[in-house]
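Here are a few notes to read alongside the structure. Keep the viewer open and find each residue as you go.

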Amino acid sequence: MNLKRPLILVTNDDGITAPGIRALIDVMRELGDILVVAPDSPQSGTGHAITINNTLYLNQISTPDAAFEEFSCSGTPVDCVKFAVNEIIKGKPDLCVSGVNHGSNSSINVIYSGTMSAAVEAGIEGIPSIGFSLQDYDWNADFEVLKPHIKAIAKQVLKNGMPEGVILNVNFPKRKTFKGTKVCRQAKAMWVEKFDKRTTPYGKHYYWLTGEFKNLDKGEDTDEWALDNGYISIVPVQFDLTAYHAMQQLNSWNFDGQN
């Protein structure tokens, strides 16, 4: 009987001091041995960015007698995963969990999310991975109510593994209790954006990006529907972006410039 505890990599995009990652650490310590590698400052909205034009720094912040190793990284969430796999572990953990993000990463937000990009990067490495997010931007959001559900989901992934190339995007509605869990598809939604133009006292213009989230999807099988109706949403996502359904049509086009 194998009694070895799994090694779990914990990361996020809100920064290593964020309450969300501290809650995730609490849960993962019950399931295995953990390694924490997270940004030293907030990296929300960085998507799958990597650092190639600036120096990277890795700072060990745990003490030698600590219960687990913990590192802060000057780079992006994806940089954190790369550091963990290539420099610290020099191998692959049994599971990577990212979050808990302060704010939802449902629907189109998955594209922009540093939280999910860290999980996707681990998935590219063949590591079973989950991104966790809470539909609450408050720094002091209540993460305690999420812990039993996070533990149950992570246990299932540790037990069953993941289909090749698939990562779980888990979102929690802002509630004290949940109606249940639903495996969903990503809703068709988008941000209607604009730039708020302002002027400094010296006459120089500067801008803030603002926007309004629009859900264009009326389906009851989506992550947005699940969250709006009190369910935890689980969307299986993949990093293979090939539009297979379009290949037959495109193969009928003449790309060689001949009539």
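**Notes on a glutamate and a strand**

1. Let's start with E121. Setting aside neighbours within four places in sequence, E121 is in contact with H48, V78, V81 and K82. Bear in mind as you look that this is a predicted model.

2. Where does E121 sit? You'll find E121 in helix 4, which covers residues 114-124. Is E121 buried or exposed? Its relative accessible area is 5%, so E121 counts as buried, the cut-off being under 20%.

3. Now hop over to strand 6, residues 129-134. Six of its six residues are buried, so strand 6 is largely enclosed by the rest of the structure.

4. Which strands pair with strand 6? One is strand 5 (residues 95-102), which runs parallel to strand 6 and is joined to it by five bridges. To see this pairing, look for N101, which stands opposite S133 of strand 6.

5. Strand 7 (residues 166-172) is another partner, also pairing with strand 6 in the parallel sense over five bridges. Here, L134 stands opposite F172 of strand 7. To get from strand 6 to strand 7, the chain passes through helix 5 (residues 147-160), and this β-α-β crossover is left-handed.

Notes: Residues are numbered from 1 along each chain as its sequence is written. This is a predicted model: local features need pLDDT of at least 70, side-chain atom pairs count only at pLDDT 80 or more; totals for chains, interfaces and linings use all residues. Side-chain values use heavy atoms; hydrogens and water are left out. Buried means under 20% relative accessible area, exposed over 50%, partly exposed in between (1.4 Å probe, protein chains only). Helices (H or I, at least four residues) and strands (E, at least two) are DSSP runs, numbered from the N terminus. Two strands pair if DSSP finds at least two bridges between them. A crossover is right-handed if, with the strands pointing away from the viewer, the path from the first strand over the helix to the second runs clockwise. Contact means heavy atoms within 4.5 Å.
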